[in-house]
Amino acid sequence: MKNWETYVRRVTPYVPGEQPNQPDMIKLNTNENPYPPAPGVRRALERLDADALRLYPDPACGALVEAIAEHYGLDDSQVFVGVGSDDVLAMIFLTFFNAGKPVFFPDITYSFYDVWADMLRIPYEVKPLDGQLLIRAEDYYGENGGVVFPNPNAPTGILMPLSEIEDILEHNRDVVVVVDEAYIDFGGESALPLIERYDNLLVVQTFSKSRSLAGMRIGYAMGQPKLIGYLNDVKYSFNSYTLNRTALVCGVEAIRDEAYFEETRQKIIATREWTKGELRRLGFSFGDSASNFIFATHESMPAKELFLALKKERIYVRYFEKERIDNYLRISIGTQEEMEALIRFLERALA
Ligand code: PMP
């Protein structure tokens, strides 16, 4: 081995869901929104001035920060934006999880948390979900270097009531607590109002799911100005121009169109509830999802077999070859027609 190789920052990378590009595929594997972004996004793209691309974008992402702050009734100083919530979360790990004490997160959760922790040499301790795959607030009481969990959790889709989040906050006054709300718009109550009372709380959301902009990469964190200030210091020390000009204008359009947001969100919720009934009828069981996916296991057919059979049919769902969850499929909610096609296939496959 060459000497330089001894000093490589070795990491086991996160494995994103497949992005196949096949005609007629039904893509239910990465929790994208099946509906296009708000009409204003298309109009903004049509108006784009290619000449302006010779200029750097606004490093403060001012217009987008302002639009997000206005939407939630916050001050601009309470909003941080990044290249998807992955970027925002990575910045949070880098900025706040430096105590040398273990950061707490669930054993079954967003599988990027342990990757960032390993990459940044942050110690961590995973807290097993209970038998119903629920987060237990009391597991997060002990001394730690920070706490992070999604609500609803991923890949379970199960929502934690705000009272339990507050319980975790009450027991963690001295560390930064991060609630990753990537899926909160599909039926959950946001922890955002709690930032008034907990100056150590960061609420992270994304434009990738409920605002149909996964391809544009926009995420944000909300919290008290002091937290946001420290995040910005680290961001400017790493890469000051994060969001590009196109993302900034599209993001503003997406957050302003309240009516379109509400319409598509409700359609996804209705399709999810319909899909739950059908999956139950076919012998699946699952925790009650409040997200845009369902994490389901079948009473007799192994998940891996189903996953492969679905893939052959060009229906893509997500399968995790991981202890405790290797008999589950994570099925994103597509359009009503896509979910009907899925159910028709499952009816045949399970007959
Ligand atoms: N948090 C959770 C729980 C997720 O499932 C995802 C989507 N993979 C993200 C954050 C990141 O989403 P994005 O970077 O697209 O905002």
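Across the interface of domain 1 and domain 2, the rule turns up 1 salt bridge, meaning a side-chain nitrogen of Lys or Arg within 4 Å of a carboxyl oxygen of Asp or Glu. Keep in mind that this is a predicted model, where local features need pLDDT of at least 70, side-chain atom pairs count only at pLDDT 80 or more, and totals for chains, interfaces and linings use all residues. Residues are numbered from 1 along each chain as its sequence is written, and side-chain values use heavy atoms, with hydrogens and water left out.

**The domains and their interface**

- The domain assignment (automatic or from a database) gives domain 1 as 18-37 + 259-349 and domain 2 as 39-256.
- Contact (heavy atoms within 4.5 Å) links 27 residues of domain 1 with 27 residues of domain 2.
- About 2200 Å² is buried between the two domains, 60% of it from carbon and sulfur atoms; this is accessible area (1.4 Å probe) lost on putting the two parts together, summed over both.
- On the domain 1 side, Pro-37, Phe-261 and Arg-324 lose the most area to domain 2, together 29% of what that side buries.
- Arg-324 also has a side-chain salt bridge with Asp-107, at 2.6 Å, N to O.

**Around strand β6**

- Strands here are DSSP E runs of at least two residues, and helices are H or I runs of at least four, numbered from the N terminus.
- β6 (residues 177-180) points Val-177 and Val-179 one way and Val-178 and Asp-180 the other, all buried (under 20% relative accessible area, 1.4 Å probe, protein chains only).
- Strand β5 (residues 147-150) pairs with β6 in the parallel sense over 4 bridges; pairing takes at least two DSSP bridges.
- β6 and strand β7 (residues 201-206) also pair in the parallel sense, over 4 bridges, and Asp-180 has Val-204 as its bridge partner in β7.

Key. Buried < 20%, exposed > 50% of the residue type's maximum accessible area, 1.4 Å probe, protein only.
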